[in-house]
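Thank you all for coming, and please look at the structure as I put it up. I will go through it slowly, one part at a time.

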Amino acid sequence: MRITQNMMSNIFMNNLRRQTEAMLQRQEQIASQKRINRPSDDPSGMGRVLAGRSSLSAISQYADNIKQGKTRLEFSEETLKLVDDLVQQARRVAEEKSGDSVTAAERSFAAEQVKEIYDQVLQLANSKFGERYLFSGDQTNTAPFVRDDDYNATYQGDDGSFKIPIADHVVVDIDADGRNYFQAEADGGVNIFDELRDLINGLENTDLEAGSTQIRATVDPLQNAHVQIMNKRSEAGPKLYRLQATEEHWTNVKTTVQNAIGREEDVDVAQAVIELKNLETAYESTLAAASRIIQPSLVNFLK
Amino acid sequence: MTHLFGVLTTGTSALLTQQRAINVTGNNIANVNTPGYSRQKLNLETNTPVYTAAGLMSFGVNSTGIERVYDRFLGVQLNNENAALGRWEAQQGMLDRVEVVFDESDGYGLNQAMSDFWNAWQNLSLNPSGSTERSMVAATSQGLADAIREKYAELEQIQEDIDTALESGVETVNRLVAQIADLNQKIASTESGGISANDYRDSRDLVLKQLAEIIDIKSFENSDGQVVVSVADGRPLVETGTTRQLQTQTNADGHTEILWPDVSNSPVTITSRITGGKIGGWLQTRDTQIAGYQDQLDALADGLRGQVNAVHAAGYGLDGTTGTNLFDDSTSGAADFRVNPDILSNLDLIAAAATSGGVPGNADNAIAVYDLRTAMTMSAGTATFDTAVNTLVSSVGYDVQTATANSSHQAEMMTYLENYRESVSGVSLDEEMVNLVKFEAAYNAAAKMISMADDMLNTLMSIVG
């Protein structure tokens, strides 16, 4: 083949361009620590990275939801524990003050105490988690219970529940219907407010004997109220466990997905550096060869 | 017939011819770096021989013409490959810009906007009456709509830039066509006198190559040395005696169409028939690739509008209203994809509850909207919204990758062919130096011969004198 000076310089320039391009690519990879710096670097890899990112984003949202759910469950657990204490306190009052020897003055003092308990239970039943009432179903802006002057409590909420999405199409339901906690007579349970009202009425009854009967009639229901609250509290246990387990699951999945994304888009720095080093060597030898071959010409050797 | 003056005649012809050869060599050296130049060589021939006492004998040398060294079949191949190179380079150039529009590698883009949108609905489901959560839903819906709309607009911008490039491409085509017609004329008139128009031919080859880079052409040389050039399945641009100028026109979509004047000079649209050269590449990027991405964005916008609106309208806002759309449905497609302005001015309209009685604490509708994230709503029920976005980004990546690979492959091909052309037609300085020495030596020897003839004449004269 006939070789001309232009061919040589063309070939050299082409090689130099290719080599500098390859070096630039490695340099970019090392600087960004990423193998995929734009979709065209690896289109299918980019697709998998994006799918991974969507999952990560959903996972961290689920993890946040679970945290909120746990906080809410713990908060309602605390609230119910206090209610339970108060109900037991009222039961003890009923037991102690039902005797015939208890004086009217003692009963009236106890009545004040139970009124206090009543209002505290009412206050706890109207607890808010953030801006929202815990026990008013979906009517989260409405206080679930109000009482009139005769200590008759009415429920203003509905049967809605608090829902926590913890995975795709998986929702954990937390009962937010206040009646299931405090006014469960329709389901064969105890209406705590009514029992407390009856206790107050009994304690305030001027007919001490009739009062004693009234007071005694509240002891068993108040004991049942304790069981009712305990049952609702124990419902939270498995739910907490479920949230906990799901949270751990997400933590594991998150690591897996992160690793998968890393494998897809992270550069093997050691390899990139070695490749860069090789390219550098090739580049330098091309330059050295160019300087030796391009320069000489017959012109230099003719007198 | 052998006489002393014959030696002088021979010497003179040698001097003149070697000098001419040195001129040709000098011209080769001068044009060593001229694009498209083919090395030339002087064809030498002995003078017509005459009968002498000693027999048939020639007196001196004669040059019969300057010939250009080239491979006549290479030109067409170079032009074809150059058209392919132009096409892929043009595509790569424009698609690189499209890729920037869909650059998701830093984590901000459509994918992120989608995720933020879904997460906002989940957050709302945890606190359906919360004003922070509601404004997040509004903001992320707007962010998603903005992202889709902006990407669409940026794609349109690139299409408009392609239109501008097409206009100037057509201008270049017309200029080159005029040059080819002019060179045709010169070559025909030069060669009708029997002289080969080497430099004009080099220029014409170069112009043809430039033309092929812009638009794919078919060309052949007819018997009088003129080339006939045609585009778009045999529509002639240059014929003996006539040239046609391409025209541009804006079509109903606001894009540039390319027209060719037919025999009766009425313009015919040839846009879809141009497949090569830069113009072919630009057209394909504008009408196939970018239009395809826009279709995908349209489908995404229409999908979100249809699906999310259907779920959203079934739910109830904080104020108990129902039937509200989340996305404005007075238009279709991605170009004008917006959040319902009513929602933006009144966040209470965001429908988180599934029943009017469930307001404000019910989140069933927010959860239903969120569930659309995993629903197979796109591509005839085979993909989710997220997958549709990822597929779009990947397909842009594939197209850029293909264009880059093809254009670098074409560039290699061109280098190979250019080198082959260079190997046949290129000037080798070493070769020219050797020729120079050769012709110089011949010239010196011829001069020596004349001086010797002079000596002989002097000797003769002195005898006579």
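Before anything else, a definition: pLDDT is the predictor's confidence in each residue, given on a scale from 0 to 100. We need that because what you see is a predicted model, and in chain B the confidence is lowest in strand 2, residues 50-52, where the mean is 84, and highest in helix 6, residues 277-314, where the mean is 92. Over chain B the average pLDDT is 89, and 99% of the residues score at least 70. For the model there are two further scores, an ipTM of 0.80 and a pTM of 0.82.

Let me begin with chain A. This chain has 8 helices and 6 strands, and if you follow the elements of chain A from the N terminus, they run α-α-α-β-β-β-β-β-β-α-α-α-α-α. The radius of gyration of chain A is 39 Å, while the globule rule gives 19 Å for 303 residues, and because the computed value is well over that, chain A is more spread out than a compact globule. You can look for this in the box that the C-alpha atoms of chain A fill along the principal axes, which is roughly 145 × 30 × 25 Å. Of the 303 residues in chain A, 36% are buried, and of the contacts in chain A between residues at least 6 apart in sequence, 67% join residues at least 24 apart.

Now please find the loop of chain A between helix 1 (5-32) and helix 2 (43-97), which is where Gln33(A) is found. Gln33(A) is not a glycine, and yet its phi is positive, at about 65 degrees. Is Gln33(A) buried or exposed? It counts as exposed, because it has 11 C-beta neighbours inside 10 Å, and a residue with 12 or fewer is placed in that class.

Turning to chain B, we have 10 helices and 11 strands. Here the radius of gyration is 38 Å, well over the 23 Å that the globule rule gives for 465 residues, so chain B is also more spread out than a compact globule. The C-alpha atoms of chain B fill a box of roughly 145 × 50 × 30 Å along the principal axes, and buried residues make up 42% of the 465 residues in the chain.

One element of chain B that I would like you to trace is helix 4, residues 131-192. Its 62 residues, at 1.5 Å a residue, should span 92 Å, and its end C-alpha atoms are 90 Å apart, which agrees. Just after helix 4 of chain B comes Gly194(B), with a positive phi of about 85 degrees.

If we take Ile180(B) and leave aside neighbours within four places in sequence, its contacts are Arg204(B), Val207(B), Leu208(B), Val227(B), Val229(B) and Val238(B).

Asn265(B) sits in the loop between strand 10 (256-261) and strand 11 (267-269); its phi is near 65 degrees, a positive value in a residue other than glycine, and with 7 other C-beta atoms within 10 Å it is exposed. Not counting residues up to four places away in sequence, Leu372(B) touches Gln307(B), Val308(B), Val311(B) and Thr377(B).

Finally, how do the two chains meet? In this model, 47 residues of chain A are in contact with 50 residues of chain B. On the side of chain A that touches chain B, the elements giving two or more residues are helix 1, helix 2, strand 5 (161-167) and helix 8 (298-301). Helix 2 of chain A gives the most, with 13 residues, and by class that side has 16 nonpolar, 22 polar and 9 charged residues.

Key:
Residues are numbered from 1 along each chain as its sequence is written. Chains are lettered from A and ligands numbered from 1 in the order in which they are written. This is a predicted model: local features need pLDDT of at least 70, side-chain atom pairs count only at pLDDT 80 or more; totals for chains, interfaces and linings use all residues. Helices (H or I, at least four residues) and strands (E, at least two) are DSSP runs, numbered from the N terminus. The radius of gyration is taken over C-alpha atoms; the globule rule is 2.2 Å times the number of residues to the power 0.38. A residue is buried if 20 or more other C-beta atoms lie within 10 Å of its own, exposed if 12 or fewer, and partly exposed in between; C-beta atoms are placed from the backbone. The expected span of a helix is 1.5 Å times one less than its number of residues. Two residues are in contact if their C-beta atoms, placed from the backbone, lie within 7 Å. Ala, Val, Leu, Ile, Met, Phe, Trp, Tyr, Cys and Pro count as nonpolar, Asp, Glu, Lys and Arg as charged, and the others, Gly among them, as polar.
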